[in-house]
Amino acid sequence: MPKSNDVPMWEARPNVGGQLSLSLMVPLFVLVLTPEIAAQEAPDTPDLLGELHSVAVPVTSPVPGAFTGLVVDEVTREFLVPTYPSLAGHLLEAEQAVAEAGGMPDGSNLSAPRNFRPYPIRETSIYASRVIAILDSGVRSDHPLLHGRLHDVVDFTNEGVDDTCGHGTVQALRHALFEPRAQFLILKVAGRSCRPTLGTILSALEYLRSRKDVGGVYFAGGINTDEYEAAQIACHLADELVRENDLRNKFFATIGNTDRSAKWCPAAAEEVVGVQVVDLETYAKPTGAAGGFAVPQIGTNTSFPDVTPMRIPEFYAEYTRVFLYSQLESLRFMEPFARRALEYEESMEDAVRLLAKISVQQGDGSRAAGILEDALRRRPGSATLTAELAVVYATIGRTGEAGPLYDRAFRMLTVDDTVKGDERFRANLLFEHGLYLEVIGEDAARVMEQLVRAAELDPARIGALSAYGGRRFYRDACDDTIDVNYHVLRLDPTFAPAWHNIAISHALAGRTRDALHALDQASTMRDTFNSGSEMADLGHLRNTIMHGSSVERQVRLRYVFANGREHAAELVDIRRLLAGSTEDAELALQRSGTQKLEAIARSAVMWSEQLLEEGPSEFLAEVVALMGTLGAVLEPGGTLRLRAEVSRQVGKLYRRLGEYDEAESWFRTEAELLRTVSVRERETALLHAALCALAAGYWERSSALLGEAMQTSFEIAEAPEVGPYTTAMVSELMAAQAWVAMMEGDFREADRLAYSAYIKDKESSFNLLTMAAVRIRTDQEIDADHALANVLNGARNSGAELARVFGMLYDYPFLNVTYRNGETAFSVLRTRERALLSRAVELVPTARFDLSLVVDRRTGRWRYPFGQCRARAPEERAGVTAVLGTGLVGEHPCLAGRIVDSVDITGGGLEDENGATTVLALATVAADTTVGALRNIRVLDGSGYGSVEALIEGFAEIIGSDTAMVLTHLETSFEDSHLRGLVVRAGLKTRIVTAAPSENGGRVFPYSVAGDVVIVSQ
């Protein structure tokens, strides 16, 4: 049980600045030191304690607790859990650490963090015991999450052990979440003021010397010894404690978050690991040699991250959901969380549904159904449980039972108070029911009706409705596709891809005039409102429709799978605003209510960001004018962050247009708006402004802006035997300074700064391109090549990352370094982009055979890897088998006379230099006597690589032919919806057989189309 300690208390508790303070708090005690004492060298501990006792003067100005809202709801008095964005990943790592330690015996590593914990522990840190001492403001010992976790609670404030501030309880909860088997010794050194005093700190440290059972110490507080010189005794006493109790690398203390340049005790002690406090935006990408020795915070005066307090039932249910849908692989972690949520009445149904989903994920559909059936017996009137059971039945093939349950769930919607009026739930039920009807082969009109109703209730479902049109398209039901897309346009008239999809559907149905009319609509919309970054080149599409061959039509007339937009109505408003003058747009926006105006602004930000992904265009000039008008109209009443987002977007648009003065001005505006919102975001805005000034040739102005940005940045600190452990400075600031140094002609300084930026963040493309530029200018072209190679390596399998780098090169042409051979970074990256596509398909690694399996290299004789065989004439067996791969060795006796058709899509010839596809064909011929004629379709080069485009063309060759079976052994991790669709279309009339996937897994084709593909082991 918590208790007050019997250690003598210091009557004098001088006020000291520290980690727990808020800027508006009033000191509870004031320390008055005589000049003589302040000037003396620090005496022995007992003497100094006596001196402090004799000179301290108490002052009574209590301040109400500021953090209690993070512990208990002020209205309902329910207990809360402090959460933040990256908590799920940290919880998972903590759970895995416990599992790896085999139950966390004494002396084991309680956690081995890579990035963040409530305090940072080096991977070499080993606790001496499970007991961790936390020096803070006490604890709410009745908090359910701390039940059974408190080893002892000791008060040094004379206010009692209860936490009237709340800060200590939050710290204890953070530790409880991260050290699942640890026990906590709570030392209360801060009272109602949320501030520790020097007297309470020293008393607690002295007390810990007698606690040999303590294996680690954490203190979120400190004293600025620049202001209180005699407080260095806290460092002195902490060093003694660490040495005597063997706590080296086990005592952590924050260095303060109000004056980071000061010397804070006990964090500055020789034997204490000092913990930097940074804001959450910076910590999102940990920096420093130790991987981010830092505690995230929001604002400038709190030591907590961007905390969202959550009620306990919501916490367990929500984090189960996070683990489930973010693919954090810890099933044994999900189920305990879900079962804790089961204990609360309000989260019971949610927990049951989550437990069922966990079972489905584990492949145990029957268990999932049983969980839901049992819950429904207890709550027969629950629409949510009924609907969930219907979905599970449909998923595991019990479709006969699913149908009546769906009907029952729809009837319950009007009587179940928990979902009555919940349009999102109704939309989800309609959507799931539509998918169910599609699976059981219901008429397309009925399926479409349900999906349309779902999209009407929830605009986020519009993309899913369009995707259904795609599925009909690839099953040759073009008229259904047209109907679906007209529904899409009714719900969202700005959805330009719908006109595109109507055009290609008419084209494949042979209605060229209707196709061209729809294409005109798509072109008009694209000229005024480009909402489909996936849309094909409309000019090429028109030419294909009018003149293309049938095969080219199959390949080039692609369905566009565009995502739905959350704010379709606002996008319609934006289109209308763009059609008028700037004055008309400003007047219309001024007449909009605040809520509508902010919705339009958010939609405009999202949409204009999509435009930036497509590269420079004339249309951007119209968009930037509208965005600027939005920024001006929002100014009187918009939130600071939203106004900053709009300003940032306007700056990006001007930057893409090459109008750097305007861009710089808007980035400066963003920085000013963020002054009181986020230190790191403001720093980034100033960096963007500085780079725009640099691009315009104003290097002195750029240098001044960088200096302003760095005023809030932190230097790399040092800790004994730890080395550099944190820096909160955005690394690109150093790289930008390198460019300024180059402008000044100081290439040595430029090289130093560029290298420092690279060391701080080796993955930043901006830093790498800067390094390449500096090394070229200093005749170190090999190093420049290495830097650019790292940029390419970062974009190895990511078209999105390449697009981001191209955008950077568009925005800042000075990054486009030129090599002595005349090549530029841009041209090299373009080559890499083509290589990504050309190497997007490869042979299944286990199917890579040597050509010697086909022909003996030494003697030139044929080999028969699957026994003797004889040539057969094609007419002996009905049907043709198409073989897609590296080609076929047509002269092989087992294949002689079988090959009736050959198509080379690679341009490399028809012969198989690899041998893999020939061996596959030989194995098939030997094993299956029904195989007769063969079609040789080469889509891979001799090394076993090819492109998605070639594979698409290969399947297009098959569709419409008399092919009875397709034989292939390819795989690709390159997602392409058109390829999927062609496989489905081919699978309607043709049996597709492929080799089993390779061990590395994660491949897209052909295994993900399992319903239409037969997979065989090799």
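Predicted model: local features only at pLDDT ≥ 70, side-chain atom pairs only at ≥ 80, totals over all residues.

Modeller: Residues are numbered from 1 along each chain as its sequence is written, and side-chain values use heavy atoms, with hydrogens and water left out.

Colleague: Why are β16 and β22 called paired strands?

Modeller: Strands are DSSP runs of E of at least two residues, numbered from the N terminus. Two of them pair if DSSP finds at least two bridges between them. Strand β16 (residues 841-843) is joined to β22 by two bridges, therefore they count as paired. The two run antiparallel, and L843 stands opposite L970 in β22.

Colleague: What makes β20 and β22 edge strands?

Modeller: The open sheet has the order β20-β16-β22. Both β20 (945-946) and β22 (970-971) pair on one side only.

Colleague: What makes a set of residues a nonpolar core?

Modeller: Such a core consists of buried (under 20% relative accessible area, 1.4 Å probe, protein chains only) Ala, Val, Leu, Ile, Met, Phe, Trp, Tyr and Cys residues joined through side-chain atoms within 4.5 Å. The largest has 105 residues, and L91 and F315 are among those with the most contacts inside it. Helix α12 (residues 383-395) gives the most to this core, with eight residues. A second, separate core of 86 residues includes L686, A741, V774 and L829.

Colleague: How much of the chain counts as buried?

Modeller: Of its 1018 residues, 54% do.

Technical notes
Helix = DSSP H or I, 4+ residues; strand = E, 2+ residues; numbered from the N terminus. Buried < 20%, exposed > 50% of the residue type's maximum accessible area, 1.4 Å probe, protein only.
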